[in-house]
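The sequence and structure are shown first.

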Amino acid sequence: TLELLEGEILEAFPVPLPLGETVRQLRSSGAILGQLSVSGVPPVPFGVQVEVRPSVAAVSSSTPLVSNGLSRRNFVASELRTRSVAMGAEELKVSNGLNAAGEGTVVEVAVTEGHEAALTVKIRQAKKKELNKLAQQQALRSAMERGRYSSLLAQIARSKSRKVEATLIDEASRMLKTLQPKDGSFMTHKELGHLMKWSKATSPDGACEVVQPCDSSADCPCNRGYASPGELCDVINNAVSDALQGVVPSHLSADEWLFKALVKAALMAPEGCVWKSGGKFLLTNEERNQSATAIVGVLERENQETDAGKGIRALVDYTEQHYGYRVTAIQLNFHPNQKSSHKQHRDIYGAGQKGGINCTCSFMKCTGTVCYSLGSSRQVLCETITDSRSKYETCGEDCAGMKTYKWMHSGSAMHFNAPWNNNHTHGIPPMDDPCGPRISVALLCA
């Protein structure tokens, strides 16, 4: 439909519009001003020979001046534009981390210059990338309606990466400044200084690996411990020392040096950058981006020669050289005590997957993970899984799978590859006994 505030249309548009081209004439003794509306799409304002301030008008030989010093201009969407694209859709479903399922409509509008202008309108179905952009726009509006700091922060970051309209992002950013993170949703500098002390790190005596086979059947396939050829999952002691040779002063312990450097970097970052994610905390930038570049950036924000930056760069270089990988993402997990945990999960190895509703990262196809442990010793629970993605088959309805509790001591690393990741989950369960702080540096590798 066409709604005119100034001017008139000589013949109304048919409803519904037929396929192909439809032409109508508009006329006015002065300006033509109105808006174009297409079902499901935000209205697009437009004007022909509308008087605007000289500071707004783009001065050119075709921009006439009138006696009061104002300029006449043709525009769509805003006074400075002669082209615009508007999109709309019903509620879209996000099928995975990047792709939206559903249908949308795109309206492309353009206007020529002069008093005998042509206003061209093209209406078509939204393409895949446009649907993804629309879905992100809906997610951002939903986060604004809920008014929760963490969700809005994450959706603003994702909206920037998907090129959502800048005006909407600016509106959301202004709203974010009026909100505060909930108590307990991040670790304050005071809490970091009190809880994340190397002197509080613990390591139990007699720690050893524990295997709990499936007790539903002695012949359960899960009890073999592997389901695919080429599976790898190893814990390597002293890996941090090997990785940081030549970086750490010879009289210092590599794991202690890097632990302290990362805590110092966390204290230098703005409050809110060590934020709660599940049962543990993550150190990221304000946009919660965990790409390798973004993590190194937050560690070297004030000084490119920080120990934390040097240490993480060295871990990345060592991992890429030793395993033949390319590190694509870095997760810095802070575990303050025995109550912290990391729920059972697979690492994200598929392009298009995401780490959760508020995840702001873009993942590419990966083939392995190397996770370095600093500080207190913690158990890693490795568990077989029998879903559609796994090669394991159940032994029956009561199949409990096999559980393996591995210990990761300070300075060790855990390495596993894609076949193992497909067939198992891993996590850090909370501990019954008192435990000090731990930091893990997980490198996701392609």
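A residue is called buried if its relative accessible area is under 20%, exposed if over 50%, and partly exposed in between, with a 1.4 Å probe and protein chains only. The model is predicted, so local features need pLDDT of at least 70 and side-chain atom pairs count only at pLDDT 80 or more, while totals for chains, interfaces and linings use all residues. Residues are numbered from 1 along each chain as its sequence is written, and side-chain values use heavy atoms, with hydrogens and water left out. Helices (H or I, at least four residues) and strands (E, at least two) are DSSP runs numbered from the N terminus.

**Aromatic pairs**

- Rings of Phe, Tyr and Trp (its six-membered ring) pair if their centres lie within 6.5 Å; planes under 30 degrees apart count as stacked, over 60 as edge-to-face and the rest as tilted.
- By this rule there are three aromatic pairs.
- One of them joins Trp198 and Phe259, which are edge-to-face with 5.4 Å between centres and 65° between planes.
- This pair links distant parts of the chain, 61 residues apart: Trp198 is in the loop between helix H4 (189-195) and strand S12 (210-212), and Phe259 is in helix H6 (residues 254-268).
- Trp198 is partly exposed, at 21% relative accessible area, whereas Phe259 is buried, at 0%.
- Tyr323 and Tyr325 form a stacked pair because their planes lie at 20°, with ring centres 6.0 Å apart.
- Tyr323 is partly exposed at 23%, and Tyr325 is buried at 14%.

**Charges over rings**

- A charge sits over a ring if NZ of Lys or CZ of Arg is within 6 Å of the ring centre and within 35 degrees of the ring normal.
- Arg224 places its charged end over the ring of Tyr226, 5.5 Å from the ring centre.
- Arg288 lies over the face of Trp275, 4.1 Å from the ring centre.

- Two packed helices are described by the angle between their axes and the distance between the axes.
- Axes are lines fitted to C-alpha atoms, for helices over the stretch in contact, and angles run from 0 to 180 degrees between N-to-C directions.
- The axes of helix H1 (residues 128-146) and helix H2 (residues 149-161) come within 9 Å and cross at roughly 160°.
- H1 and H2 are therefore roughly antiparallel; angles under 35 degrees count as roughly parallel, over 145 as roughly antiparallel, 65 to 115 as roughly perpendicular and the rest as oblique.
- Residues of H1 that meet H2 include Leu140, Ala143 and Met144, and those of H2 include Leu152, Gln155 and Ile156; contact means heavy atoms within 4.5 Å.

**Surroundings of Cys273**

- Cys273 lies in the loop between H6 and strand S14 (274-277) and is buried, at 1% relative accessibility.
- Cys273 and Asn285 are twelve residues apart in sequence, with their C-alpha atoms 5.8 Å apart.
- Apart from neighbours within four places in sequence, Cys273 contacts Leu282, Leu283, Thr284, Asn285 and Glu286.

**Backbone geometry**

- Most residues other than glycine have a negative phi, and most peptide bonds are trans.
- Val15 and Pro16 are joined by a cis peptide bond, with omega about -5°; Pro16 is in the loop between strand S2 (8-9) and strand S3 (26-27).
- Ala77 has a positive phi near 75° and is partly exposed at 29%.
- Arg288 has a positive phi of about 60°, lies in the loop between strand S15 (280-283) and helix H7 (292-299), and is buried at 9%.
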